[in-house]
Structure formats: structure tokens, C-alpha cells
Amino acid sequence: RGGADLRGLCCVGAMARWLLPALLGSVLGLEPFPTPPEQTTEQISNFQRIRARARDASLAATPQVLAYFDSQPFRGMLKDCCPKIADLPAEELLRRYRAEAQVAELAHALPAQMKDIFSDVTVKEVGGMSWFPNEFQVALIHHRNLSIGASPVNDAAQKDIFGCKPFAEREPTWSEVANRLIYIAHNMRRLDSGSEPFFGDFTVVFNSTHVKDSVVIAPYDTGLYEMVCFNPHMKLPGQLNRSMLPPLNCSAWPKSLPVGTLDYLDHLILPNLAAAANSTKTNRTMLDSARDLYVRSSMSEIDYQDVPALGMQNLGDYLESDILANPRLPEAVKFGIGSFPTLFGTQDGRDMQAIAKRLHWPLFWSFGTGDPTAQDPHMTLDLKLPGNLRIADPENILMTTNGTVSGSASETFEKVWQEAVEVRAKRNATKQDVHKWWHALDDQLRAAPITWRSCASVHDCVGVDFAGDCICVSKREERIAFTV
């Protein structure tokens, strides 16, 4: 892909990658599938087209964005919620937005076990793969019917929005699915789980320097927008019905609007704020969306521990920043986040820890919904999530980063883990159990996401402790201690 920073492989690495798909097949009982190119010719061509259109659209939109940032209602909103930045020039506000977009987590959540609606690789499977597969690749590997679940919606969105070529036949070939993309949530709201908590049990955060020139950005969740606005009569997946879909503002994002890239996204800023603001059906406005973004984002200079809770109805308000490539593992992944309610004290959790350790991925845990039943949180729209509760996995963080933890913190972690094992062996864990386990660990291991102003080298770092020190993948002898 033009200008892509996608790394080459030494001969030994290439041999391992050639063998891994066959090994994956023998271990998981699946047919071996050849490793696709890191970027196919079609992906390269598509990205070059997208980038050219995004550059023109972004430049054209900049004056309108600056005017909105200087508008009286927007300034009034900032004075009320975020006084530290209320008087900054519009140009500085835009600079901060662009800077935050460059470093905000590119997150994809995957399940511990296969799900009915989404075709996604599981935690165990990703640990044995040489690249991170998209949903259509996973569907073929799993011999899954692509006419059910979310695949028809996502297929339509990828064609309508990102310009992906249609499959020649009803069942696509392995070469065809290699041209598709991986869905990514752009975590500018600093959600502790990275992606929406109900999307999966383990979130991988991609290395933005590695995948930057394959990232294609839509102003809102493309699946929702496809079902509500672009293709409102299409068949809905699973048990979903139209009463469950959010009342989006379909005028906010016209179908002719080009998607963006990490370098060119000014034209997506206002559509992103307007997409969920359907004033004819709700009382929500663009200013409400802007407030929700700024009070959660580091652009406001609000400390992570002080950000307000996030409403369920706002979880989908992220930029969807997808990867149009077949990114190589393990290097394309920067770190991982495990779901504390669903994985802590389970064998799936131990498997996740082992995979992260073997692949040298720093590992964190998120409180998320706090609900171990992993039900879809969109079904309880009045619920609010803290969304700022993330801790480091003590054994992992010692091995993979420059961070240190006390011996007592590691001992406490294992003690609480065994308590969780015993509870889960006897009965289903409850929210009260999860809260108890979390609070036994939270003070010793709490961490926050990286932001544009966190560290001197943000792309080498994976988090910040609550003393403000950076937790980085580094060989430095100096160690950073968590507050104990």
C-alpha cells in the first residue's frame, strides 16, 4: 500500500508464518488456509483512492470545523464542562483533536468462545495465527454460513461505504475475503475496555504506527448506519428488530461523504457529532455529543479518574477506524485488555494471560459493565458505565514493560484470582462478586490509556499509572512503580 509502514520478515519469520496456518488447522481441527498478503493489490489500490479523496474532503471541511469550534453555543458548552480549554483558539482545539486521533487506541474486541451473530476469531485461535483475520476470513475458516448473522450487513457496509468490491459468487473465495477490512473502534473517549464491552472478552489494541497507512475511518458505526440510514429495508441479523436500533440523524452523514484516514479526517468531525443527534425523535443535539466527547477525552485536560460515567446510548458514538490489511501477528498488536467480569478467575482468562505472555503483549484488565453475564448493554439504555476502570496484569506488566509492581500487589492478585476460581466453580458469579474482586485490586494496579500529551514517545507506551508515569514497552533499566 502506498506509503504503508508494514514491516518485512526475515527468512525464519517467513517460514514460521508459512507453517502457522497448517499448525492452526491441526490444533483447532480446521482446514489450513494460506497466509494472505499483508496488503493485497486491491487493498493497496482502495486505500490510495480513499486517501486521495479524504485529503481533498478534509481540507475543504477545515474552515467549517473551525467556525463550529468558534461558535457561541460550542464555546458556552466548553465553559460549562471543560473550563481549562474554553478560551483556546479554534486552531488549537483542532490541533488537539487531530493529535488525539493519531494516538487514541485502535481497538477490536474478540470473544473467548464463538458467538452466534459475529464471525470473529477467538482468544485461543488468535494466539496461533500469523495474521489478524477479518470476519469473512474467519467465516470461511469456521465453515460459517455468510448469509446469517451480521455478515450481510457488514458486507453491504464495506461495499457501500468503503468501496470494497462485491464477491463474485454467493460464497466468496479465500483470495476475495483477503481484500476486506477489520472493524475497529477508535477509543477517543478513553473507554476502559477499549472497544464496546459487549463486543468481546479480549480487546486487542493495534499498533497505530504499524497499521497507520491502512486505517480507513467512517464518522460512525457503519453497521448501525447501514441498517438505519443507507439500507433501512434490509433484513436485520439475529433477534435484532428495528425498535432496538438507535434513531440516528441520517442527514449528518450523506452517502457521498468520503471516508477518512488518520492524516485526513477533518470532514468527519462534525458528522460524527451530528450522527446521534436526531432532534425529531430525541432531545439530543450536536452539543450533547460534543460534550460527551470532550468530557471523556484528554482534549479537555480532565484527569482520567475524574471523567464522568458514559451512557449506554453513547457507546456507539466512536469513529469507526478500520484496518484495510491483513496485519501480521504479533507485531501489529500493541497490547491487550481482558474483560474482568467475564474472564477473571476462569480458564479462558488463564489462556489469555498465557497468549499475551508468549506473544509479549502487555496486558490490562477492564471493569467494563461490571456484569459477568456479558449481556448486551444496549438492552438497558438507562445504565451508565464508569468506563475509566483499568488495571495492569502484574506478572505480565513486569515482563513486557518498564513498569514494576510490588510483591504484595502480585500476591493479592493471585489470592483474589483463586477466590474467583472457587466462586465460579460453585455457582455463577454475580455483579457483587465482580465488584468485590475489583476493589481488592484497583488501588494497587490502576492505569489509564495513553493520550496525545501523555509521554514523550506515545507510540512506544501502553498506559499511564496514576502518578502520571508512562508504562512503555522498553528495555530501560529504570523501572516505573505503580502507586501501592
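The structure is a predicted model, in which local features need pLDDT of at least 70, side-chain atom pairs count only at pLDDT 80 or more, and totals for chains, interfaces and linings use all residues. Residues are numbered from 1 along each chain as its sequence is written, and side-chain values use heavy atoms, with hydrogens and water left out. The chain has 484 residues, of which 61% count as buried (under 20% relative accessible area; exposed is over 50% and partly exposed lies in between, with a 1.4 Å probe and protein chains only). Its secondary structure comes to 17 helices and 15 strands (DSSP runs numbered from the N terminus, with helices being H or I of at least four residues and strands E of at least two). Among contacts between residues at least 6 apart in sequence, 77% join residues at least 24 apart (contact means heavy atoms within 4.5 Å).

**Cavities**

- Eight cavities of 30 Å³ or more are present in the structure. On a 1 Å grid over the protein atoms alone, a cavity is a set of points where a 1.4 Å probe fits but cannot get out, whereas a pocket is an open set with protein on both sides within 12 Å along at least five of seven lines; lining residues have an atom within 4 Å of a point. Grid points are joined across faces, edges and corners, and a volume is the space filled by probe spheres set on the points.
- The largest cavity holds about 110 Å³ of space. Its lining comprises 14 residues, and the closest to the centre are Asn187, Arg189, Leu191, Leu315 and Tyr318.
- Strand S2 (residues 185-187) gives the most to the lining of the largest cavity, contributing three residues. By class, this lining has six nonpolar, five polar and three charged residues (Ala, Val, Leu, Ile, Met, Phe, Trp, Tyr, Cys and Pro count as nonpolar, Asp, Glu, Lys and Arg as charged, and the others, Gly among them, as polar).
- The second largest cavity holds about 90 Å³ of space. Of the 14 residues in its lining, Val103, Ala104, Glu105, Val205 and Lys334 lie nearest the centre. Two or more lining residues come from each of strand S1 (105-110), strand S3 (202-206), strand S7 (333-339) and strand S13 (461-465).
- The lining of the second largest cavity divides into 10 nonpolar, two polar and two charged residues.

**Second largest pocket**

- The second largest pocket has a volume of about 320 Å³.
- Lining this pocket are 15 residues, with Arg190, Asp303, Tyr304, Ala448 and Val464 nearest its centre. The lining of the second largest pocket consists of six nonpolar, five polar and four charged residues.

**Helices**

- Helix H10 (residues 222-230) is mostly covered, with nine of its nine residues buried. These buried residues pack against helix H7 (151-160), strand S4 (215-218) and strand S6 (319-323).
- Asp221 caps the N-terminal end of H10, where a side-chain oxygen lies 3.1 Å from the backbone nitrogen of Gly223. A polar contact is a pair of N or O atoms within 3.5 Å; within protein, one must be able to donate a hydrogen and the other to accept it, and residues adjacent in sequence count only if both atoms are side-chain atoms.
- Helix H14 (residues 347-358) has 12 residues and reaches 16 Å from its first C-alpha to its last, close to the 16 Å expected at 1.5 Å a residue (the expected span is 1.5 Å times one less than the number of residues).
- The buried residues in H14 are Gly349, Asp351, Met352, Gln353, Ile355 and Ala356. His360, which follows H14, has a positive phi near 60 degrees.

**Individual residues**

- Ser193 is found in the loop between S2 and S3 and counts as buried at 5% relative accessibility. A polar atom of its side chain lies 2.7 Å from the backbone oxygen of Ser195. Beyond residues up to four places away in sequence, Ser193 touches Thr203, Ile337, Ser366 and Arg390.
- Asn402 lies in the loop between helix H15 (394-400) and strand S11 (403-404) and is buried, with a relative accessible area of 0%. The side chain of Asn402 reaches the backbone nitrogen of Cys472 at 2.7 Å.
- Arg53 lies in helix H2 (residues 41-69) and is partly exposed, with a relative accessible area of 41%. Apart from neighbours within four places in sequence, Arg53 is in contact with Ser256 and Pro258.
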